Amino acid sequence: MKNHFQILVVGGGNGGISVAARLLNQDNKLDIGIIDPSEKHYYQPAWTLVGGGAYDVNKTVRDQSDCIPEKAYWIKDRVVTFEPDQNALICAVSGRITYDYLVVAPGIQLDWGKIKGLRENLGQFGVCSNYTFESAPYTWQTLRSIKRPVKAIFTAPNTPVKCGGAPQKIMYLASDHLKKQGLLPRSEVHFYTGGSVIFGVKKYADVLNHVVENYGIHTHFNHNLTEIDGPNQLAYFETKTQDGETRQVIQKFDMLHVTPPQSAPDFIKNSPLAVSGNPLGWVDLNKDTLQHNRYKNIFGLGDAGSTPNSKTGAAIRKQAPVLVKNLLALMQGQTPGQVYTGYGSCPLITGYGKLVLAEFDYNNNPMETFPFNQARERYSMWLLKTKVLPWLYWNKILKGTA
């Protein structure tokens, strides 16, 4: 078992694998280790479509062994703690491993336990979540079984989440499904969010407000889901009154789609790599260069980073080349000079065959790819989401060529 690497990558998801692949494309003699315990690799952006009955869940999974770059060394283990002053980390089974350079890309942690009753009720009583491979199909099972007018609630927490638009996408698909069944006019669809706006970029928020209005969705801002009573189909929310007092709101539901609160994984949160004093524990990164603010031979990208961008796969696709160029510059004794603009993208599904492609930077200014107004619902963008992007992910992004 090797216990030292020139470059050690923590995380075998989109970020870790695409960076390792890009590095090896630049120089196939680099000595790279990837630490990840998972046997399977998931294309998570399609789970919303799975929940809406528009994608086969089995197409979202592959063996991790088929995704790890051929010339990288896979350490099938999990990190317990970091010793950055010694250029080392400790794994659960493999013990201490040292490195010259470290790339931290562990992904985001789903904090199911922060909502009382969520774990034990998920997958029954109409309590759904598209946030795992196992649970996403139950969302479609629930939707498909609706034969009468219902009260459907969709939630978003008050923490950052991977793909900020995902809590809404399934709500629009569900509303469209109810509409097609002739049940929407007599049903109630509610959006309870810990946030204060429908979307952070005004150009896209305007079109989403129009979509909400067309479906007749009731929006409730600054409401955080705290507890679920599955057998009685009750959802408990907390909100603050105008004078700052916390008030509880209890709602009955037939269907409840939950987006769990999210944070950096605990092994990051409790380590010297985290932003000091931040309860969500993000990796402390320079938002421009993706270099660690305190440990110069450490870089990071993806959902666990402190960079204030939207946490999306599209962001990783723009972060990876910046990180690779800056890391290689550092290895050659140069100052990292490549800059990540904060680009993020959210393909906002607004119904079956309809999608608004939101693209924007750190300042929430639109950064659009196509030569037309992307703040409109388009079938072409639905095809991009359902056909082009999954192909691009498996065949180009993970291979470091896109």
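Helix H5 is mostly covered, since 13 of its 15 residues are buried. The structure described here is a predicted model.

H5 runs over residues 166-180. From its first C-alpha to its last, H5 reaches 21 Å, close to the 21 Å expected at 1.5 Å a residue. Gly 182 follows H5, and its phi is positive, near 75°.

The loop between H5 and strand E12 (188-193) holds Pro 185. Is Pro 185 buried or exposed? Pro 185 counts as exposed because its relative accessibility is 74%, and the cut-off for exposed is over 50%. Pro 185 and Pro 149 are 36 residues apart along the chain, while their C-alpha atoms are separated by 8.3 Å.

**The sheet of E14, E15 and E16**

Another part of the model is an open sheet. Three strands form this sheet in the order E14-E15-E16, and their pairing is antiparallel. Which strands lie at the edges? The edge strands are E14 and E16, each of which pairs on one side only. From one strand to the next, the twist averages 25°.

| Strand | Residues |
|---|---|
| E14 | residues 223-229 |
| E15 | residues 234-240 |
| E16 | residues 246-252 |

How many bridges join E15 and E16? These two strands pair in the antiparallel sense over seven bridges. Lys 240 stands opposite Thr 246, which belongs to E16.

Technical notes: Residues numbered from 1 in each chain as written. Predicted model: local features only at pLDDT ≥ 70, side-chain atom pairs only at ≥ 80, totals over all residues. Heavy atoms only, no water. Helix = DSSP H or I, 4+ residues; strand = E, 2+ residues; numbered from the N terminus. Expected span 1.5 Å × (residues − 1). Buried < 20%, exposed > 50% of the residue type's maximum accessible area, 1.4 Å probe, protein only. Pairing = 2+ DSSP bridges. Axes fitted to C-alpha atoms, helices over the stretch in contact; angles between N-to-C directions.
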